[in-house]
Amino acid sequence: MEKNSTATEFLHIGNRLLEWYRNNARDLPFRQTKDPYKIWICEIVFQQTRINQGLNHYNNFIKRFPDVKTLAEAEENEVLLYWKGLGYYSRAINIHKAAQQIMNDYDGVFPNQYEEILKLKGIGKYTAAAISSICFGGKIPAVDGNFYRVLSRFFADDFDISNSKAFIYFSELATLVMPDNVGDFNQAMMDIGSEICKPKNPLCGECPINEGCLAFSLQKTSDYPVKTKKIKAEDLALTYYFVHRSGEFLIRQRTDDFIWKKLFEFPTAISNDMEPFITGSKIISHKLTHKNLSIEIVNVEVTSEDIWNRFIAENQYQITDVEGSHEKSFPKPLENYIQNSLKD
């Protein structure tokens, strides 16, 4: 990419984005606050969730946990319960730990420096930059996929965004067009990237900076950003046993390693004396970010009270029913199975 424009011309791009943002910013509840706690929660919620899908979850979470102290003092299982439906539950575990970190290491006051924010559990460079710029006037671009897309198209820049140095490269590129009001600039880039400069079928005719966009003028928006490295999804087979009796079934809580950290699940093995009670099985396919899951759920309807009680005692499983399961967080495939398996 040849950067032969003047600094003033580059800055004009940023100012045009700010002008567009003032007139077209999405009306979102967290846009009405500079509270770093609320900005933090919204950034984590919407990392993997579209705003229209996650807004109610955000509102419910903030209503139950309105500040750092309330969140830090809550039980982890309740935090997971209020995260239910958002997926990627490690995020909920991390924000709970980070809230406790703020209470213990910062006397309950959210840190106001980028480097300190970055020390919090589960907060990366993008989120730290967003909080710093929006809440504390930090002069740091919140570089994410939207920045990669908008900037690579505007400059027709073929720097590979899967390159380990992409974050640094596009952060430096962003500073060329970044005005003084970095907080609004970062939010403008978020809105432009999600509403106009979309990955597919971008609305270039509505873009406030299309006049200087090289990819648009060359009719090559689909060529950018460049990404050559692809992570192949791993195939993974899981087996669960839905052990139930008289409307109740057995569950246990997962550890914090591997997938579905701290969520509840069914037994993954049964004793030999349980095998006569197997009535069938079902295969469910489910996709995670880098895993294709094939989940076999074996139905075990136990009619012997002695075998039921002995299995529980030997394995320390919890007993619940459909109504009780609503108060716990399960992986989506297991949650769906529960709702469909014990219907009256």
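This is a predicted model: local features need pLDDT of at least 70, side-chain atom pairs count only at pLDDT 80 or more; totals for chains, interfaces and linings use all residues.
Nine residues from domain 1 and 13 residues from domain 2 take part in the contact.

Put together, domain 1 and domain 2 bury about 930 Å², and 50% of that area is on carbon and sulfur atoms. On the domain 1 side, the residues that lose the most area to domain 2 are L81, K84 and Y89, which together make up 48% of what that side buries.

**What crosses the interface**

On the polar side of things, the rule picks out six residue pairs in polar contact across the interface of domain 1 and domain 2, with both residues at pLDDT 80 or more. Two elements give two or more residues to the domain 1 face that touches domain 2: helix 5 (76-82) and helix 6 (90-105). Helix 5 supplies the largest share of that face, with four residues. Sorted by class, the face has five nonpolar, two polar and two charged residues.

As for charge pairs, the count between domain 1 and domain 2 is one salt bridge. It's E76 with K262, whose side chains meet at 2.8 Å, N to O. E76 sits in helix 5, while K262 is in the loop between strand 2 (248-253) and strand 3 (264-265), so this pair ties together parts that are 186 residues apart in sequence. Is E76 buried or exposed? E76 counts as buried because its relative accessibility is 18%, and the cut-off for buried is under 20%.

**A neighbour of E76**

H96 lies in helix 6 and is buried, with a relative accessible area of 5%. Leaving out residues up to four places away in sequence, H96 touches L71, A72, A74, E75, E76 and V79. One of those contacts, then, is E76, the residue that pairs with K262.

**Salt bridges elsewhere**

Side chains of opposite charge can pair when their charged atoms come close. The count by this rule comes to twelve salt bridges. Here are three of them:

| Pair | N to O distance |
|---|---|
| E76 and K262 | 2.8 Å |
| E116 and K119 | 3.0 Å |
| E195 and R26 | 3.4 Å |

How far apart in the chain are E195 and R26? The two are 169 residues apart, so the pair links distant parts of the chain: E195 is in helix 11 (residues 182-195), and R26 is in the loop between helix 1 (7-24) and helix 2 (36-45). E195 is partly exposed at 36% relative accessibility, and R26 is also partly exposed, at 21%.

E116 is partly exposed, with a relative accessible area of 25%, whereas K119 counts as exposed at 51%.

Conventions
Residues are numbered from 1 along each chain as its sequence is written. Side-chain values use heavy atoms; hydrogens and water are left out. Contact means heavy atoms within 4.5 Å. Buried area is the accessible area (1.4 Å probe) that two parts lose on being put together, summed over both. A salt bridge is a side-chain nitrogen of Lys or Arg within 4 Å of a carboxyl oxygen of Asp or Glu. A polar contact is a pair of N or O atoms within 3.5 Å; within protein, one must be able to donate a hydrogen and the other to accept it, and residues adjacent in sequence count only if both atoms are side-chain atoms. Ala, Val, Leu, Ile, Met, Phe, Trp, Tyr, Cys and Pro count as nonpolar, Asp, Glu, Lys and Arg as charged, and the others, Gly among them, as polar. Buried means under 20% relative accessible area, exposed over 50%, partly exposed in between (1.4 Å probe, protein chains only).
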